[in-house]
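I am opening a notebook page on this structure. My entries follow in the order I looked things up.

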Amino acid sequence: MEKKIINGFPHLRYDHQEYAEEELIQRSDEFYRMMNRRRTIREFDDRDVPREVLEKIILTAGTAPSGAHKQPWTFCLISDPKIKEKIRIAAEEEERISYESRMTETWKSDLKPLGTDWEKPFLEIAPYLIVVFKQSYGMEGDEKIQHYYVNESVGIACGFLIAAIHQAGLVTVTHTPSPMNFLSDILNRPKHEKPYLLLPVGYPKKETFVPGIHRKKLEEILISY
């Protein structure tokens, strides 16, 4: 049976790909090793990337689960240099204010090992920016559509997005200038969409250095019952 009606709605038979235990272990290990090579990159090459790659990456993010399957996200893909310049100017202004007056000394001290500051040249250098918006509610014509677990759903989709960027052989940095309302204005997004995350995407600069930091070990993040 390929289709079944449950509670009055069609359900399709799920085609599950199952692997032998040895391959199961190997696949999980290979994916972990690939993702463990992922690093946050702030120095980008301006080389172009095929737009099709970005579209597939965004389609991958769109496969994420969401509350009641409302898919409360919009992904804005930006390559226009003039728009990227506007975003950089606005983002740096907010970041400069944050570093000067909003952020605590502890916060700034914690950021020092990462080598980051209020200047964000990557917003213009990277060939693409992806701005993720969360939809507080949906719209069908003039009718509001309720959404559920919006932050959780969009957060999961962003995780898929970052993994897909790395798997494709590209790099990114999660950028969250606060406040981010300028993104809504520059990109002319509707009121029910709120900026959630800004991701420059591209290749790393040929000679790029990253902070010598380490991730927590399994015993530090896993509690078994």
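How do the residues of the lining of the largest cavity divide into nonpolar, polar and charged? I counted four nonpolar, two polar and two charged. My classes: Ala, Val, Leu, Ile, Met, Phe, Trp, Tyr, Cys and Pro are nonpolar, Asp, Glu, Lys and Arg are charged, and the others, Gly among them, are polar.

Ground rules. I am reading a predicted model, where local features need pLDDT of at least 70 and side-chain atom pairs count only at pLDDT 80 or more, while totals for chains, interfaces and linings use all residues. I number residues from 1 along each chain as its sequence is written, and side-chain values use heavy atoms, with hydrogens and water left out.

**Entry: the cavity**

I searched the whole structure and found one cavity of 30 Å³ or more. I noted its volume as about 40 Å³. On a 1 Å grid over the protein atoms alone, a cavity is a set of points where a 1.4 Å probe fits but cannot get out; a pocket is an open set with protein on both sides within 12 Å along at least five of seven lines; lining residues have an atom within 4 Å of a point. Grid points are joined across faces, edges and corners, and a volume is the space filled by probe spheres set on the points.

I listed the lining of the largest cavity: R38, R39, I162, I165, H166, L170, V171 and T172. The largest share, three residues, comes from α6. Helices (H or I, at least four residues) and strands (E, at least two) are DSSP runs, numbered from the N terminus.

I turned to the largest pocket, which holds about 600 Å³ of space. I found 25 residues in its lining, with R42, L111, L114, T116 and T174 nearest its centre. Two or more lining residues come from each of α3 and α4 (105–111). Helix α3 gives the largest share, four residues. By class I noted ten nonpolar, eight polar and seven charged residues.

**Entry: E94**

I stayed with α3 (residues 81–102), where E94 lies. Is E94 buried or exposed? E94 is buried, at 17% relative accessible area. Buried means under 20%, exposed over 50%, and partly exposed in between (1.4 Å probe, protein chains only). Leaving out residues up to four places away in sequence, E94 touches R102, S178, P179 and F182. A contact here means heavy atoms within 4.5 Å.

**Entry: rings**

I found one aromatic pair in the structure. F44 and F122 form it, tilted, at 6.4 Å centre to centre with 50° between the planes. F44 sits in the loop between α1 (21–36) and α2 (51–61) and F122 in helix α5 (residues 122–125), so the pair ties together parts 78 residues apart in sequence. Rings of Phe, Tyr and Trp (its six-membered ring) pair if their centres lie within 6.5 Å; planes under 30 degrees apart are stacked, over 60 edge-to-face, the rest tilted. F44 is buried at 5% relative accessibility, and F122 is buried at 5%.

I also looked for charges over rings. R47 lies over the face of Y203, 4.0 Å from the ring centre. K144 lies over the face of Y137, at 4.7 Å. The test: NZ of Lys or CZ of Arg within 6 Å of the ring centre and within 35 degrees of the ring normal.

**Entry: G212**

I placed G212 in the loop between β8 (193–202) and α8 (218–221). G212 is exposed, at 75% relative accessible area.
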